[in-house]
Amino acid sequence: MANPKQALIVVDVQNDFCPGGALAVAHGDEVVEPLNQVIDEFLERGAPVYKSRDWHPPKTKHFAIHGGTWPVHCVQNTKGAEFHPALRDDPRIKVISKGLGDTDCYSAFDETDLASQLHDQAIEEVIVGGLATDYCVKNTVLDALRHGFKVKALRNAMRAVDVQPGDGERAIEEMRAAGADIVSAEDSARAAQSMD
Ligand code: VGL
Ligand code: ZN
C-alpha cells in the first residue's frame, strides 16, 4: 500500500533514561531533537502521536531490590518519570502508561490498550523511536509487528542501554529480521511530506 495510515509512538523519553537519571542511557537525550521534528510533522498533518511512559509503582518486582533486574526508576509522579523537559508537549499527544504492576512490560502494548486504540483508528503502520533501543523500543516494535502493523523504526532517534556491548546493534538486527523497516527520522519525515 502506498500511503498506509500512520501513527507515531515515542517510547519512554523520560528523565530517568536520560543522562543524570536513575537508569541513564548514554546520549539518551539526543533522541529528543529528531523526535520533536517527527512529532511536529505528525501533528501538522493531523496524524496520531503517542508517548509511552514507564510508570512504575514504588514497589515492583521489576526493581532489583524486589527481586528484579533494574535500579529503581520511573516511579509514578516523580521527577524521574516525567518526560524529558525538551520533548514536545501538546494536548493532542496521547500518553500510554505501562509497567504498573509486577511484570516488566517492556513493550508499550504490554497490558495497555494501545493496540485497540490503533485498530480503532484503522492505523496500518507505526513509526517508533525513543528509549531504550534494546528494551522498550525493541519490544514495542516486535509487538507492533505481532499485532499486524507495519513498522518503521527510527534508527537515529533511539539509544541503547547496552548492558552487554552490542546489545543495541543486535536489537536493531532483531527488529529488521522480524520485518521492521529501519530508517532515519529524516527519511521518515521526507516520506511523510511526499504523501500530502
Ligand atoms: C526500560 C529497562 C527497564 C526501557 C524500562 O524503557 O527501555 N528499560 N525499564
Ligand atoms: Zn522500567
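This briefing covers a zinc site and the strands around strand 2. The model is predicted. Four residues hold the zinc ion (ligand 2): Asp54, His56, His62 and His73. Strand 2 spans residues 49-54, and strand 2 pairs with strand 1 and with strand 3.

**The zinc site**

- Asp54 coordinates the zinc ion (ligand 2) through OD.
- His56, His62 and His73 each use NE2.
- Along the chain, the donors of the zinc ion (ligand 2) are spaced as D-x1-H-x5-H-x10-H.

**Burial**

- Asp54 counts as buried because its relative accessibility is 2%, and buried means under 20%.
- His56 has 0% relative accessibility, so His56 also counts as buried.
- Strand 2 is mostly covered, with 5 of its 6 residues buried.

**Strand 2 and strand 1**

- Strand 1 covers residues 6-11 and runs parallel to strand 2.
- The pairing of strand 1 with strand 2 has 4 bridges.
- Ile9 sits opposite Tyr50 of strand 2.

**Strand 2 and strand 3**

- Strand 3 covers residues 94-98 and is also paired with strand 2 in the parallel sense.
- This pairing of strand 2 with strand 3 has 5 bridges.
- Arg53 faces Ser97 of strand 3.

Notes
Residues are numbered from 1 along each chain as its sequence is written. Chains are lettered from A and ligands numbered from 1 in the order in which they are written. This is a predicted model: local features need pLDDT of at least 70, side-chain atom pairs count only at pLDDT 80 or more; totals for chains, interfaces and linings use all residues. Side-chain values use heavy atoms; hydrogens and water are left out. Donors are N, O and S atoms within 2.8 Å of the metal (3.2 Å for Na, K and Ca); water is not among the atoms, so sites may look incomplete. Buried means under 20% relative accessible area, exposed over 50%, partly exposed in between (1.4 Å probe, protein chains only). Helices (H or I, at least four residues) and strands (E, at least two) are DSSP runs, numbered from the N terminus. Two strands pair if DSSP finds at least two bridges between them.
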